[in-house]
Each structure stands twice: as structure tokens, then as C-alpha cells.
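Please walk through the structure shown here, from its overall make-up down to individual side-chain pairs.

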Amino acid sequence: MSLAGVALGAIGSFFGQHLVLRASARQLEVEQSAAHRAELKDVILKFLGVASRVQKAALARSGDDGGRDGDGGQDGRLDELVEELWLAQAEIDLAARTEPMRGATYRYAFRLAETARGDDADAATLRGVQVEFMDAAYDDLWPGRQLVTASSDLGRNA
């Protein structure tokens, strides 16, 4: 009888250790996921800040005399912003988990660079790649979660 008690005790001990190890592994996974999400969120926000400045500078240039003020100041600043945009895109490329995120970031940066060069890029095209980028960012930050939008909320409340 005591041998059975020892055996049951050993099995219980191993089972307990197994549960502790699983819980520890899950906790580590949660912590790593949160750290990655925070890092990715930071580089996304940086990219969006630079993208906004590139767009504003490009639109300001297109509204004046073509952006050439004699010493190339406006164009030089825009060129610097485009370089900063590509660096921010590279940071996302390194931090992103998924290829759709990398691709959407590249397409958004490429379209902004075209706009900065003065190529015809209409607002709808620019808005389209921006929406694609934001959807990919959401999917990369919270994989498997469905994005709740105002239009999907309206359908539920109707």
C-alpha cells in the first residue's frame, strides 16, 4: 500500500511540475508577444509621423511654384524626408511578423515617394495604400483578431 502511495505521489509531483512549466512557457510567450507589439507599435507610429510630414511637404510644394526656391531648400527638405521615410519603412520591415505588413508598408512608402517626386498620385490612390497599411498593421499587432469598424458596429446595432 505504501508503494502505491509513493507512486501516486511521484505522478502527482510530475504532473504538477508539468503544469508549472506549461504556465511558465505561456507567461513567457505572452510577455514576448507584448514586447514585440510595443516595439512594432513604436516603429509604426514613427513611420506614420514621417509619412504625414512627407505628404504635407509634397502637397505644400505642389501648391506653390513647384517647390523650387532658388537654393533648393524646399526640395532638399523633401528629399531628406523621403530618406527618413525609407529608413522608417526599413525599421518596420525588420520588426514586422508578416509579409503582408512588409508589403503594405513598402507600397505606402513607394506611393508617398512618387507623390514627393511630383508624380501624379491622386488622393484616392494614396488613401487606398494608407488603408491597406493600417489594416496590415492591425493584423500584425493583433493576429487573429477581427478589426471592429464603425460600419461593422452599425450592422450589429441595426
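The paragraphs below take up the fold, the model confidence, the aromatic pairs and the salt bridges in turn.

This is a predicted model. The chain contains five helices and zero strands, so that, read from the N terminus on, its elements run α-α-α-α-α. It has 158 residues, of which 26% count as buried. Among contacts with a separation of 6 or more, 68% come from residues 24 or more positions apart.

The mean pLDDT is 83, and 80% of the residues reach 70 or more. Of the elements, helix α3 (residues 99-117) has the highest mean pLDDT, at 95, while helix α5 (residues 150-157) has the lowest, at 55. Over residues 66-71 pLDDT stays under 50, and the model has seven contacts beyond four places in sequence for this stretch.

With 19 residues at 1.5 Å a residue, helix α4 should span 27 Å, and its end C-alpha atoms are 27 Å apart, so the two values agree. Several residues of α4 are buried, including Leu126, Val129, Phe133 and Leu141. Asp140 is also buried.

Phe133 leads on to the aromatic side chains, since Phe47, Tyr108 and Phe133 form one aromatic cluster. Six aromatic pairs are found in the whole structure. In one of them, the ring centres of Phe47 and Tyr108 are 5.7 Å apart and the planes stand at 65 degrees; an angle over 60 counts as edge-to-face, so this pair falls in that class. Phe47 belongs to helix α1 (residues 2-63) and Tyr108 to helix α3, so the pair ties together parts that are 61 residues apart in sequence. Phe47 has a relative accessible area of 0% and is buried; Tyr108, at 2%, also counts as buried.

Another pair is formed by Trp86 and Tyr106, with 5.6 Å centre to centre and 45 degrees between the planes, which makes it tilted. This pair links distant parts of the chain, with Trp86 in helix α2 (residues 73-95) and Tyr106 in helix α3, 20 residues apart. Are these two residues buried or partly exposed? Trp86 is partly exposed at a relative accessible area of 26%, and Tyr106 is partly exposed at 42%.

Side chains of opposite charge can pair when their charged atoms come close. The structure holds eight salt bridges. Which residues does Arg102 bridge to? One partner is Asp93, at 3.8 Å from N to O, and another is Glu99, with the closest N and O atoms 3.7 Å apart. Arg102 and Glu99 are three residues apart in helix α3, and therefore separated by about one helical turn. An α-helix has 3.6 residues a turn, so residues three or four places apart point the same way. Together, Asp93, Glu99 and Arg102 are linked in a network of salt bridges.

Arg117 is exposed, with a relative accessible area of 52%, whereas Asp119 is partly exposed at 35%.

How values were computed:
Residues are numbered from 1 along each chain as its sequence is written. Side-chain values use heavy atoms; hydrogens and water are left out. Helices (H or I, at least four residues) and strands (E, at least two) are DSSP runs, numbered from the N terminus. Buried means under 20% relative accessible area, exposed over 50%, partly exposed in between (1.4 Å probe, protein chains only). Contact means heavy atoms within 4.5 Å. pLDDT is the predictor's confidence in each residue, from 0 to 100. The expected span of a helix is 1.5 Å times one less than its number of residues. Rings of Phe, Tyr and Trp (its six-membered ring) pair if their centres lie within 6.5 Å; planes under 30 degrees apart count as stacked, over 60 as edge-to-face and the rest as tilted. A salt bridge is a side-chain nitrogen of Lys or Arg within 4 Å of a carboxyl oxygen of Asp or Glu.
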